[in-house]
Every structure is written in C-alpha cells, then in structure tokens.
Amino acid sequence: MDSGAYLASQLAKGFARSLHQRAVGLGFSPGQFPILLELWAEDGLTQKQLLERVDIEQATMANTLSRMVRDGLIERRPHPSDRRAQLLFLTPKARAMEAEAIEIAREADLALFKGFRVFERELTLEYIRRLLENAKAL
C-alpha cells in the first residue's frame with residue numbers, strides 16, 4: 001500500500017467500476033468514455049487523431065471503435081482526401097447521451113472524493129497532475 005503506482009491503479013479501477021454502474025443504462029462503457037469525450041468536443045476525427053488524444057494502444061483503440069460501431073455510438077465515413085483513413089462521427093444516439101453521460105461521470109468522480117473538503121480535493125488533483133507529468137517523462 002506504499003506504492004503510488006499500485007494505489008493509482010486501484011483508484012482507476014474504482015472509478016471505472018463506479019462509472020460502469022452508472023453508465024450501463026445509457027449504453028456505453030468506461031473504456032469508451034474518453035473517446036466519446038473527444039468526439040463530443042470535435043466530431044469527425046480520424047483514428048490516428050484519437051490515438052494522439054487518448055493514451056491507449058492502437059489495438060485497444062481499434063477494438064473499442066469496433067464495439068462502438070456495433071453499439072450504434074459512432075459511424076465510420078470515408079476521408080475526403082485520404083483513401084486509407086476514415087472519419088469517425090457520433091451517431092444521434094451518442095449525441096443525445098452527452099449531457100447525461102458527463103453528469104454521471106461527474107457523479108462517479110465526486111463519489112471518489114466523498115468526505116474530502118474542497119481544498120483537499122483540489123490539492124489531490126494537483127498532485128495527480130504532477131504525477132501524470134512525471135509518468136509522461138518515463
């Protein structure tokens with residue numbers, strides 16, 4: 001319990017569990033949420049652009065996108081100038097769930113900080129940001 005990496009892993013699992021419990025009714029999984037966030041911010045990205053924005057492996061991204069197409073959350077369209085690339089667009093189903101999905105993610109996040117005072121939460125977030133910057137340099 002003295003390992004920061006182990007504790008961060010446990011924290012991520014706890015958040016994923018909490019988000020999953022809340023998200024199952026909407027029709028998305030915790031692993032799809034970062035991709036949804038990116039496409040809600042900018043629809044019509046390529047898989048390569050998503051990979052640059054969401055820090056996951058290529059194979060994981062490909063599998064997640066395939067599941068999202070299967071689940072009716074995104075659709076692939078040909079890129080207008082690059083025959084090798086496809087653009088990824090949200091479906092009306094995914095667009096319609098944006099506000100509620102963001103709210104349930106916020107609720108899951110707040111549940112993690114139950115019992116924390118505002119300054120404790122902010123300080124914890126600042127420490128986590130610094131740890132993430134250190135991790136990027138590894």
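## Fold and overall dimensions

In this predicted model, the chain contains seven helices and three strands, which follow one another along the sequence in the pattern α-α-β-α-α-β-β-α-α-α. Along the principal axes, the C-alpha atoms fill a box of roughly 50 × 35 × 25 Å.

Of the contacts with a separation of 6 or more, 51% are accounted for by residues 24 or more positions apart. The chain has 138 residues, of which 28% count as buried, and it exposes about 9400 Å², with carbon and sulfur atoms supplying 55% of that area.

## The largest nonpolar core

The largest nonpolar core consists of 25 residues, among which F28, L50 and L65 touch the most other members. Two or more residues are given to this core by each of α1 (4–23), α2 (33–41), α4 (58–70), β3 (86–90) and α6 (98–112), and the largest share, five residues, comes from α2.

For L50, when its neighbours within four places in sequence are left aside, the residues in contact are I35, E38, L39, L45, M61, L65 and L88.

## The largest pocket

About 1600 Å³ of space lies in the largest pocket, whose lining comprises 34 residues, with L11, A12, F15, I128 and L132 lying nearest its centre. The elements that give two or more residues to this lining are α1, α2, α4, α6 and α7 (118–136), and α1 provides the largest share, nine residues.

By residue class, the lining of the largest pocket divides into 24 nonpolar, five polar and five charged residues.

Methods: Residues are numbered from 1 along each chain as its sequence is written. This is a predicted model: local features need pLDDT of at least 70, side-chain atom pairs count only at pLDDT 80 or more; totals for chains, interfaces and linings use all residues. Side-chain values use heavy atoms; hydrogens and water are left out. A nonpolar core is a set of buried Ala, Val, Leu, Ile, Met, Phe, Trp, Tyr and Cys residues joined through side-chain atoms within 4.5 Å. Buried means under 20% relative accessible area, exposed over 50%, partly exposed in between (1.4 Å probe, protein chains only). Helices (H or I, at least four residues) and strands (E, at least two) are DSSP runs, numbered from the N terminus. Contact means heavy atoms within 4.5 Å. On a 1 Å grid over the protein atoms alone, a cavity is a set of points where a 1.4 Å probe fits but cannot get out, and a pocket is an open set with protein on both sides within 12 Å along at least five of seven lines; lining residues have an atom within 4 Å of a point. Grid points are joined across faces, edges and corners, and a volume is the space filled by probe spheres set on the points. Ala, Val, Leu, Ile, Met, Phe, Trp, Tyr, Cys and Pro count as nonpolar, Asp, Glu, Lys and Arg as charged, and the others, Gly among them, as polar. Accessible areas come from the Shrake-Rupley method with a 1.4 Å probe; for residues, only the protein chains shown count as cover.
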